[in-house]
Amino acid sequence: MRKLIYSFIGGIVMFSSCEKFLDIKPKGKLIPGEIADYNHLLDNPDIVRFPFLNNNSESFLAYLTDNLEISEGMGKVYYKANNSPNIGNYYAYIFRAPYKNPNLPDYFWESGTYRSMKYFNNVIDGIKSLPDANTPEAKAVLSQAYAGRAWSYLNTTLVYGPMYHPGGDNSTKTIPYLTSSDVSKPVPGLSTQQEIFDYVLSDLHAALPNAPGVTNYPSRPNKAAVLSMLAYYHLFTQKYDSVFYYADAAWKLATKNGVDKVLYDYNQLSYSNPGNILSSAIVSPDNKIHLPNSREILFYRSSDLKAGRISASYPSEEFIQLFDADHDLRYSYYLLTATGYKTTFSGTTYDDGQRIQYYRGAYATGTSYPKFEMTCGFSYPEVLLMRAEANARLNKPGEAMADINLLRKYRLKTGSPDLAIPPSQEATIQLVLEERRRELPIGHIKRFLDLKRYGLETGKPWSKTIIEHRVGTEIYQGHVNSEDFIIPKSNNVLKLNPGWGIPLDERPF
Amino acid sequence: MQKSPFCNQGFIPSRLLLPVRGVDEKRKTRTFRIPWKKSLLIMKLTGILLLAFCLQLSAKSIAQSVTYSGQNIPLKQIFSVIENQTGYMVSGNMELLRVSNPVTISVQSMPIENFLSLVFKNQPLNYHLVGKDIIISRKPYIPPTQAALKGRIADTLGNALPGATIRVKGKNTSTISDSEGNFTIDAVPGDVLQVSFVGFFKKEVKINSLAPLAIFLVPQSVNMAAVAITVNTGYQSIPRERATGSYAIIGADQLNNKLRPDLQAALEAQAPGLALTKDGRIEIRGVSTFNAETSPLIIVDGYPITGGLESINIDNVENVTVLKDAVAASIYGSRSSNGVIVITTKKGKSGTMSVGYRGSFGLIQKPDLSYLNRSSTADYIDAEAELYSQSSFLYQAQYAGYSYLSKVNYLLVAKDLGLMPATEVDAEIESMKQNDGLGQLQKYLFRNQLSQQHNISLSGGSDKNTTAATIKYVTNRGNTLYTENDRAIFDLRNDWKPHKNVTVKLFSNINYSTSKAPLRTIPSFLEYYSATMFHPYDLVVNPETGQYQDIFATNPAKIDRYANMDGLKPMDYNPLEDLGNEITRTQNFQMRLGGSINVKLMEGLNIEGGGVWIRGNSVTKSISGKDSYRMRLAYNDGTSISNPSKHYIPDGDMVQEGRTLNQTYTIRGQLNFNRSFGKHQVMAIAGTEVTRDVWDNNTYPTRFGYDDQSGTFATFNYADYNAGIYNSDMLGTSKPQNPVNIGQYNYRDNRFVSWYANGSYEFDYRFLVSGSIRLDQTNFFGTNPDYRYKPLWSVGGTYKLSNEAFFNVPWITKLYLRSSYGINGNISLNSGPFLIISPGSFSNYTGDIAYNISSPPNNSLRWEKTSTNNYGIDASFFNNRLNVTADYYFRKSVDLLAPDMVDPTIGYTSLTKNVGQINNKGIELSINADILRDKEVGWNVLATYASNKNEVISYNVNYLYATSFLTSVNRENYPANAVFSYRNAGLDENGSPIYYNQKGDKVNGGAIGVDDLVYSGTLRPKNTFGLTNNLSYKSLQLSVMFVAKTGNVLRRTAFDGTNIQHKDVAKRWRQPGDEKTTIYPKLSAFSLDAFYFPFSDTFVESGDFLKLRDVTLAYNLPKKVIGKSFFKNASINFEARNLWMWTANSDHIDPEAIELIDPGSAQAELGFTPFRPMPEYYLGLRFQF
């Protein structure tokens, strides 16, 4: 009997010393404790999927630009009468603010920038807390997080704020610069445009020395990508020598094994089903032209693939006219003629007939892959075009045109003549910027930011201060250097941050 | 210990251990600790035991007689001999045994009655036989008085009742009847005699003269089990009289005649507060959490199980105890918030051999597709044609792009593109309008569900041990083609007494279930849209021959294109045949071994150790045959353009497989104390428990080119295929899986350590108090010590008013008042104090496995807590003919884990925190009345009523926009599952629905904000009613059960402008002016209106209903029929369910109709494919020998 009592007491004691039994990490839950664990977080698609895109992966930013056109039927029926979830495209097109419902979540903000920031900040804080935070492996991961953060904040501050004025007043408060992964910390106040630019530059310089030469996938910035970001950054500071320095370094790094490694020769492309080109995939030598790791993509961030095509919009006449229809294979592959929008609504028939449409990002029927993958990050052609722009702006027309003609070799039919060196610097810049417009995606953020950037150069042929859009017979105008091109912050964020001092957007939607 | 020639010496039946009056210990469960590594040994042991048991059955046949000899044997031991040899059980006040004399006796096969009179001859005790119960009582002390009144106390059959108490009401005079039932008492005419005897209803008799009286008492129940109902909490058995909490006990007799094999259905309406939701889940007293577990904890034979109620053999259930309030449940600590259901399985009966069989055949009528409210074929075609005309270019592009087109759309494209003559197209479309595709599915795809169950139970044993074994087999033919499932449940239970102070119990349960079902979902046959594979005009069977036939499924442009290529497979689609080509099979094996050892340390104190070990594995395997449409299409489309002899999807079957291993053990050590000291009774337990719950799942990569015969499969490049490298080299785009599953592991290792204690003290059978405390620790919570050592506890008290001397209401037999307060817990193991990341699937955006942040670090997480106040009354009236239990409770659930709305700027829209609160309050009423009760006719009514009103007190979710309310929501100051609606204002002149905003303006749906919505009610029924009438006449028993639920609402499905499958599609707006006559919007392929319109207040209706849930009829074959056959009893049963319904809503929709697939999903609330419970019929047979 006594033995039993003792054993019971023993049992109690045993259970009391249960620390060991309980002191295990919960199985099946990954609690990061190594560099590799944090490294995995950089593969989260949230980082790349929704930069300046809504939940239907469309962006109204390009609808403010001169690249797109909305027909009367699309505007009045598809967008307005049917109460389209993408009605922001139409409101942006007619410059009717607010473009998006200020009381709804702001996808650019929530799903794009700040959701991706959570990963960068967790990686940075997490790795810094590890004992081996100073190893090359740790630094390489940190570099990618810094670069990702910099790219995102640079674009975000330019979307939610005015254009950066080099040497001018950049004291407008734009966005909060969040760098902590601790969710219990309050959201910081708004930073000025100058402060954000300074932060971005410091992140890029923190990233540069340890940026890996190659990464597994273009969603992760390698050294060439960080260099390109610096080049792009300086397009806004108008330090063109820096643009040249970084773009040149990036291009040389990228092409050390040959230009063919980073550009597709469009003469070598074909349709997988030539009998049905609208729905056909594009066959490229490495079969990757439709993928984010297409050889031309240096730094991948999702783009608006629908702009310029039926149900969304058409390419503007001005955009179509940019192309040499006879020689430019981009025209042949991107700009296809197809049935336009047609509907009958309330007794009125709207029929757009056959229209030239932007098929570059069109999905081969039934797949979730575009014919050509695009990026709003950086493509290698854009690196070359940035170098060309720097050359042109630094008045090196020969070098500028050499860059342009190099790209055109890969884009125009074999045997097409090179562009000659124009007589003036202004004409050279104009030519470079036209090539840039042809090469970059029609939709999304690139043209929007370029227009804002050129807006400072009043009087130059590439600079526009007013954008004019038509719907049927009605004409709408938007002013580039005004609030028309600055996106307001959403009310649900403003409500929680009264300290920012921004009144709620009470305009009816 | 004194040895005797008989092995039964020294064995005391467990029920005699407790010196408490009215205690029935036979349901008490004790367990012992199994070192789990020795499980194999236990399995072997169990097998040997079973063999031994079978041998014993054949060797021992028990009669109602006793063979025994011994000298100076304590009476207790004699009782154990009687119990073991005859199955007769002794009850009554066991304290009396202290004054008994030892017995010297030697008899051979003496009838029990004679044996008893011998044994009791010189005892200061009396006994009385009721059925197989021997009730002992003190011999009357007859004072030497010249009593005025004489009489005799007997039961209704005239048998004397010795030891009955006779009191003169209002006077201090009492006496006890003698061994012949006779008594003498000092009473005069005009006095009222109060007669009571344990197990019988009290009786009052007014004296009119001094003539001798014959007083007959009515037994409280046919069997004496009712005398000593125990509450089984899993940790201990408490006599009902000693429990302060709110319990509901459902006995085997309440489940006996239910032939439907699942326990859930059988529990419905048996206990107030236990509700069955329409998707078959059990809820106790409403909902007390947002994110954590909502099901009650299931305890079987003392330990939690992991297999769910379906793993329980309903025929092997002795009773079910529902623990509802804090006192009842808080001993389960952090998992008790949702209530606890304690199931006790049947234990072997000592001495007698018994073999029983129960079997039944069941039929559940096939689903009624008219419930789907689908559009007529003609209306559907008309709508398809209108959609085509709205954007013909889209359909033409689909045709050109080889995409899927419905037959109508193809014909219209063919007409427009000149592929077919217009007249031919028109004629074909016209003829298709006559097709009744849905009718064909009703007839050929669905079928009556047939079930069979067979249960064989063996019970018996010797005085050393008792064993019960049951095996049950249930087989079901499902209600659609190719579906079936089977389950076998095996239970074995041994109870040993190797020493007079030691009790050992062993139990084991084996569950093996298999199922088979088509991979292609049934709803996919019933969803009719332009883009889906089925349409009401598709005929799956040739109406003339009755043979399965092809439907239009592949774009003719694609067929033409592939026709010119070699080596491709045909692309015809025969739906009903194809359904059998893709089958998912599951196998699930679960084994539960457990046991306990109980050692008596001293009088009233014993120590118990026990445990349970559950181990199981399950396999799910889906095979898509190479001849299935899916695989033929994938093979063709996966053909390489550059090298047509290469196929990216290899020829052969596709197989998807997952395997899971699970293991759980609980080890428990416990001290039990139970003593009476005069008027004081104390009962207490204290113990500690360790639980580990491990789960290990491996989902294998999908394999192609599989051959089920040989197990061979082909190589496959997952990385490149998923990355899309082959896309532009593939003929087509259809993929059997996208992305192809590369496999996955899922693990769980949850650990808990707990300490618990509870105790009760009763004074003079009048005042009872109890309390409990429990501390739980896990490996998951608790880096913050502030929250780590927070025990959960409860206190309760009962005042037995009717036991007071001053209580003198003749028609009130019993009146107890109860009250309790305590705190229960609930857990969610999805967040913790660490940053938790989790791998997802391969992402093409990042070229690797995507990792998510599943939970940011949160140091302040803690258990959810529910505090419950409970006030109850237990009352019996008119000699226990009317029994009423009423409870009022107020449950406050705080610290609920809820998504706390945060600034999205930090990267999260919400964070899980302990921020929510729900209050539940309700009334529960249970009435059990014997309206008629005599030898031949009986009428018993069991009525249960429960009201539950809940309110979300805090829930910090910021609903930003009206479309957040497409499903029912939790919102502060509203009940859980609150329904909010748009205020419908008709249509505008363009046929678009408009709604009132809060100012009363008519605006379109996009302009409606959160504040413009109106509250329409809750989906949760507030009132639940159950009414069971049990009628018996001679050998016939009829039971009729009604259930009702009221106080909730439902949403009717509506034509919303896009769902052309809805019956009201033809009522849509077509031209200006129509808005005056219809509320249904214009037709469009995609419109945001569909996100608003169905949520109009117009479509919210009452969810009240009343149903005749269950009718059972049992015929027990009379003795004269069974005669001298070897059957002890036999009966034939019939049960019918869901025969009749009344509903309050205008469409007579069954509010219990559930969404066919994923009944728990958010969209299920609207019920796009609602299937209602159909009538069920069962015929059963049972006998015992």
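**Inside a two-chain model**

Student: Which are the buried residues of H15(B)?
Tutor: Buried means under 20% relative accessible area, while exposed means over 50% and partly exposed is in between (1.4 Å probe, protein chains only). The H in the name marks a helix: helices (H or I, at least four residues) and strands (E, at least two) are DSSP runs, numbered from the N terminus. In this predicted model, the buried residues of H15(B) are Tyr629(B), Met631(B), Arg632(B), Leu633(B), Ala634(B), Tyr635(B), Asn636(B) and Asp637(B).

Student: What kind of model is this, before we go on?
Tutor: Residues are numbered from 1 along each chain as its sequence is written, and chains are lettered from A and ligands numbered from 1 in the order in which they are written. Side-chain values use heavy atoms, leaving out hydrogens and water; local features need pLDDT of at least 70, side-chain atom pairs count only at pLDDT 80 or more, and totals for chains, interfaces and linings use all residues, as this is a predicted model.

Student: How much area is buried between chain A and chain B?
Tutor: Buried area is the accessible area (1.4 Å probe) that two parts lose on being put together, summed over both. The contact (heavy atoms within 4.5 Å) takes 84 residues from chain A and 87 residues from chain B. Carbon and sulfur atoms give 63% of the buried area, and the total is about 7,200 Å².

Student: How many salt bridges does the rule find across that interface?
Tutor: A salt bridge needs a side-chain nitrogen of Lys or Arg within 4 Å of a carboxyl oxygen of Asp or Glu. Over all chains, the rule counts 81 of them. Across the interface of chain A and chain B, though, the number is zero.

Student: Which residue does Arg387(A) pair with in a salt bridge?
Tutor: Arg387(A) lies in helix H14 (residues 380-393) of chain A and its partner in helix H11 (residues 240-254), so the pair ties together parts 139 residues apart in sequence. The N to O distance is 2.8 Å, and the partner is Asp248(A).

Student: And Lys169(B), is it buried or partly exposed?
Tutor: Lys169(B) forms a salt bridge with Glu204(B), with 3.3 Å between the closest N and O atoms. Glu204(B) has 30% relative accessibility, so this residue counts as partly exposed. For Lys169(B) the value is 23%, so the label is again partly exposed.

Student: Which residues have the most contacts inside the largest nonpolar core?
Tutor: A nonpolar core is a set of buried Ala, Val, Leu, Ile, Met, Phe, Trp, Tyr and Cys residues joined through side-chain atoms within 4.5 Å. The largest one has 178 residues, and its largest share, 13 residues, comes from H8(A). Those with the most contacts are Leu61(A), Tyr63(A), Tyr153(A) and Tyr333(A).
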